[in-house]
Amino acid sequence: MTVLRTKLRELWASLSRLDLAALFLVLLGSALLLLERFLPPAVPTGFVKYLSALAAIYLLFRLIGWSRTRLLWSLRSRLIVAYLFIAVVPVLLLVTLAYLGARIVYSQLGAYVIYSDVQRRIEMLADSAGHIAAAEGALPASVPSAVARDMFTAQAHAARDKELPGLVVDHEPDAGLLRRIAPNSDHFSGLLQSHGQLSVIALREMQGPNGPVVIRLSVPITAEFLERVAADLGPLQIGITERAEACKAGEFIFSIADDKYCTLAKVGTRKRALQAASSWLDPVILGNSTLEAVYLDGHRAVQLNHPVLVVFTERPSRVNHRIFSSLGTLSGLDVELFGAVALLFLLLEVAALVVGVILTRGITKAIAELYRATQYVQAEDLTHRVRIERRDQLGDLGVSFNLMMSKISSLIEEQRHRERLENEISIAREVQAQLFPQSFPDVPGVEIEAICRAARVVSGDYYDFIQLGPTQVALVIADISGKGISAALLMASLQAALRSAVLVPGSAEMSTAELVSRLNNHLVRNTSDDRFATLFFAVYDSSRRLLRYTNAGHLPGLCVCKGISRHLCEGGMVLGVVADYPYEEGTIEVEPGTLLIGYSDGLIEPENVYGEQFGIPRLEQAVVRRQGSSPSIVAETLMIAAEEWAGTAEQADDMTVIVARLG
């Protein structure tokens, strides 16, 4: 009770001015609703009620938000609400669904009882008409027709008056009505609506002494007739309908089977009363249905399948008695067994709810202890330990918490060490970024672009552009074995050795093979046996349009001109393996507009979902398609093509490409 008062105080303290105004409107609307019968009619209350309804909806949403943040803050409250939704709400929904389903079923059963009773009377009329026609046809010619008809009519009344009150037997020489209703038959039976009257009729055509005669039996649908129809049900009413175009102004229009109708007249029982309930599980069910009649208007036009409304009330017990009476005295056992099983299920559900609440208390107690322990951690007290009362999963959770607290200091130290390492890696990335060329050489007729995307923080790929003279530029791309920091360190060593060798006076005239050989010896002496590098080194002289290059185990460079691609493979093995290895130099005379492409294996090795690599042929095709574009567009196109082929932005290796347009 104290907790409830505390929660109510918190709720009141959290109310804003808008909340208080809405609460006032709700109280005012409730007061007006209670006192409305005592107020004079001149007092306008509708607008205030409308405002109070809006205020009530607003307060409901506010209450839901407040309950989520406060009332449901504790795990115990959440679990109790969860059990309510798991145990109580499904039961209520199932009971409601069963109740609604039972009402639908019993409504349809009542409609079937009415339909079967009406159909049975239609069959009675049809049988009577057939008997009269057969009897009259079998009489000798000496018997006067009038006497025979009176005799058969009296017999029909004696046999059917109890169930067919108001029976009328006629002999019509005109078969026009039968031809309109059933043009291809000599008989008809069913409901007929004509001139606002509804009746049950049966027509039978026979051959009389003076020609064809139609025997017509009809019973008007009256209150007396309905008293005998479906006596197991309660009050019964039939609505005689009319098409909407013939209805008077102001009458209620409704739709049946895509047509519009109104109610022309109503015929209902007068003496029949609803039976008393057999138990509290025997509610009143209101049902409705339709019967089909043949409709004749004033011009004798026929409309088949004209709807007739039927409205009735019933008790399920009486319908059960009607349906199961043919099955014997033990027919009700199934229904009673079903009720007993349903009650048993309900008791089991209640027991499950009680057990759930009891288990919840044990769970929430352990969780509360863990929560208090976290408060100590928040206060930076790492010495607190959780008290272990039971050796179950929650007890093991407490043990795990205590073990975690004993290791948390080492984890904090490890986190600090990791932060220092990440900081050092970040510095290494910045340092490596400075090793790449910060600007491109200014050589007439030469355009250069390069892109390097590291698979990790630092890259093992290396590219460089070094201007050797006014018309000469060196282009380098290399791939260091391995990844990460070790590859980046070897890349820095290679960059330093390369620039030291290239920037020596006279190096512009030095053979590319000689320069690559020096780099090879440098790596052999200064790296371990398992470390190596591939390298493509080229020198272009724009004044002579001459490209000299050496490929040290690297992927072949591409020289693309006018849609034709040449592979630049002259050179030798990778750097850093064999000392004093004799490398070779290749030379090419280039035409204006030639594209020189250098790339690392990370650009051609991405695989699609079928395990197929992007490959050099696809790389060549992409270059040829973009041959007329600027080097920056060509480089970006190659990167995008490789990523789209892989279908993912995640890289397995460093991706580097250099593009140079040689003028």
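Buried means under 20% relative accessible area, exposed means over 50%, and partly exposed lies in between. The exercises below use a predicted model.

**Exercise 1. The disulfide**

Task: Find how many disulfides the structure holds, which residues are joined, and what the handedness is.

Solution: 
- The structure holds one disulfide.
- Cys-247 and Cys-262 are its partners, with a distance of 1.8 Å from S to S. The cut-off for a disulfide is 2.5 Å between the sulfur atoms.
- The torsion about the S-S bond of Cys-247 and Cys-262 is about -100 degrees, so the disulfide is left-handed.
- Cys-247 sits in the loop between β5 (236-243) and β6 (254-256), while Cys-262 sits in strand β7 (residues 259-268), so the bond ties together parts that are 15 residues apart in sequence.

**Exercise 2. The nonpolar cores**

Task: Describe the largest nonpolar core: how many residues does it have, and which have the most contacts inside it?

Solution: 
- The largest nonpolar core has 51 residues. Leu-494, Leu-535, Phe-537 and Leu-575 have the most contacts inside it.
- Elements that give two or more residues to this core include the strands β10 (446-453), β11 (461-467) and β12 (472-480) and the helices α11 (484-502) and α12 (512-526). Also among them are β13 (533-541), β14 (546-552) and β20 (655-662).
- α11 supplies the largest share of this core, eight residues.
- A second, separate core has 40 residues, including Ile-122, Leu-125, Val-219 and Ile-221.
- Take Phe-537 as a case. Leaving aside neighbours within four places in sequence, Phe-537 is in contact with residues including Ala-474, Leu-475, Val-476, Leu-498 and Val-502. Other contacts of Phe-537 include Leu-515, Val-516 and Tyr-549.

**Exercise 3. Helix α14**

Task: Check the span of helix α14 (residues 631-646), and find where its buried residues fall around the axis.

Solution: 
- Helix α14 has 16 residues, which at 1.5 Å a residue should span 22 Å. The end C-alpha atoms of α14 are 23 Å apart, which agrees.
- The buried residues of α14 are Pro-631, Val-634, Ala-635, Leu-638, Met-639, Ala-641, Ala-642 and Ala-646.
- Seen down the axis of α14, these buried residues fall within an arc of 160 degrees, so they line one face of the helix.
- The buried residues of α14 pack against β10, β19 (594-599), α13 (615-625) and β20.
- After α14 comes Gly-647, with a positive phi near 75 degrees.

**Exercise 4. Aromatic rings**

Task: Classify the ring pair of Tyr-463 and Phe-465 as stacked, tilted or edge-to-face.

Solution: 
- The structure holds six aromatic pairs.
- The rings of Tyr-463 and Phe-465 have centres 5.8 Å apart and planes at 50 degrees, so the pair is tilted. The cut-offs are under 30 degrees for stacked and over 60 for edge-to-face.
- Tyr-463 is buried, with a relative accessible area of 9%, and Phe-465 is buried with 4%.
- Ring pairs link Phe-440, Tyr-463 and Phe-465 into a cluster.

Conventions:
Residues are numbered from 1 along each chain as its sequence is written. This is a predicted model: local features need pLDDT of at least 70, side-chain atom pairs count only at pLDDT 80 or more; totals for chains, interfaces and linings use all residues. Side-chain values use heavy atoms; hydrogens and water are left out. A nonpolar core is a set of buried Ala, Val, Leu, Ile, Met, Phe, Trp, Tyr and Cys residues joined through side-chain atoms within 4.5 Å. Buried means under 20% relative accessible area, exposed over 50%, partly exposed in between (1.4 Å probe, protein chains only). Helices (H or I, at least four residues) and strands (E, at least two) are DSSP runs, numbered from the N terminus. Contact means heavy atoms within 4.5 Å. The expected span of a helix is 1.5 Å times one less than its number of residues. The arc is that of the directions from the helix axis to the C-beta atoms. Rings of Phe, Tyr and Trp (its six-membered ring) pair if their centres lie within 6.5 Å; planes under 30 degrees apart count as stacked, over 60 as edge-to-face and the rest as tilted.
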